[in-house]
Amino acid sequence: MNTGQDVQLDALDARLIDLLAEEPRIGVLECSRRLGVARGTVQARLDKLVERGVIAGFGPDISPAAIGFGVTSFVTLEISQRHGHDPVTAHLAAIPEVLEAHTITGSSDLLCRIVARSNTDLQRVIDQIVASEGIRRASTIIALAEQIPYRTLPLVRSAARGA
């Protein structure tokens, strides 16, 4: 997988990604019909986008709120330098409510996005997170409302225009 900055997208790549984002269950043949290009062209483009890491997956996008996890929060963690990131990362990966974790700069070491069923449940999740001896301090911010959901299509369109 190529994670460098040399990956270029063109208009066809962007249109293909747009179409797949709008209709994730669409087949390659229908993509080729709607895009007005050969089926082989669509398949080759799709294979290259996957190989280069541009398309990272085809699974369904799950709404945590729709399955009962209506509270989203962001937690910054300060970790003990003696223990390092690996044990803390393994601990966090074992907690289903931790949706993602990123190493960050600044006064904290990790930023996590977590979900919970309620504010009371959020306390349980935070207690589970800080149970690792490698975590020295946690600071939590509760998200009140999602203003802009996670998105990449505007970025894809911009990258294709710049190519």
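Is Gly 59 buried or exposed?

## A glycine in a loop

Gly 59 is exposed, with a relative accessible area of 53%. Here, buried means under 20% relative accessible area, exposed means over 50%, and partly exposed lies in between, using a 1.4 Å probe and protein chains only. Gly 59 sits in the loop between α3 (39-51) and β1 (71-79). These labels come from DSSP runs numbered from the N terminus, with helices being H or I of at least four residues and strands being E of at least two. The C-alpha atom of Gly 59 is 9.9 Å from that of Arg 25, and the two residues are 34 residues apart along the chain.

## About the model

This is a predicted model, in which local features need pLDDT of at least 70, side-chain atom pairs count only at pLDDT 80 or more, and totals for chains, interfaces and linings use all residues. Residues are numbered from 1 along each chain as its sequence is written, and side-chain values use heavy atoms, with hydrogens and water left out.

## Salt bridges within helices

Side chains of opposite charge can pair when their charged atoms come close. The structure holds eleven salt bridges, each being a side-chain nitrogen of Lys or Arg within 4 Å of a carboxyl oxygen of Asp or Glu.

One of them joins Arg 34 to Glu 30, with the closest N and O atoms 2.9 Å apart. Both residues lie in helix α2 (residues 28-35), four residues apart, or about one turn of the helix. Arg 34 is partly exposed at 39% relative accessibility, and Glu 30 is partly exposed too, at 26%. These two also belong to a network of salt bridges that links Glu 23, Glu 30, Arg 33 and Arg 34.

Helix α5 (residues 119-129) holds both Asp 121 and Arg 124, three residues apart, about one turn of the helix. They form a salt bridge whose closest N and O atoms are 2.6 Å apart. Asp 121 is buried at 12% relative accessible area, whereas Arg 124 is partly exposed at 37%.

Arg 136 is exposed, at 59% relative accessibility.

## A charge over a ring

Arg 117 lies over the face of Phe 69, at 4.2 Å from the ring centre. A charge counts as sitting over a ring if NZ of Lys or CZ of Arg is within 6 Å of the ring centre and within 35 degrees of the ring normal.
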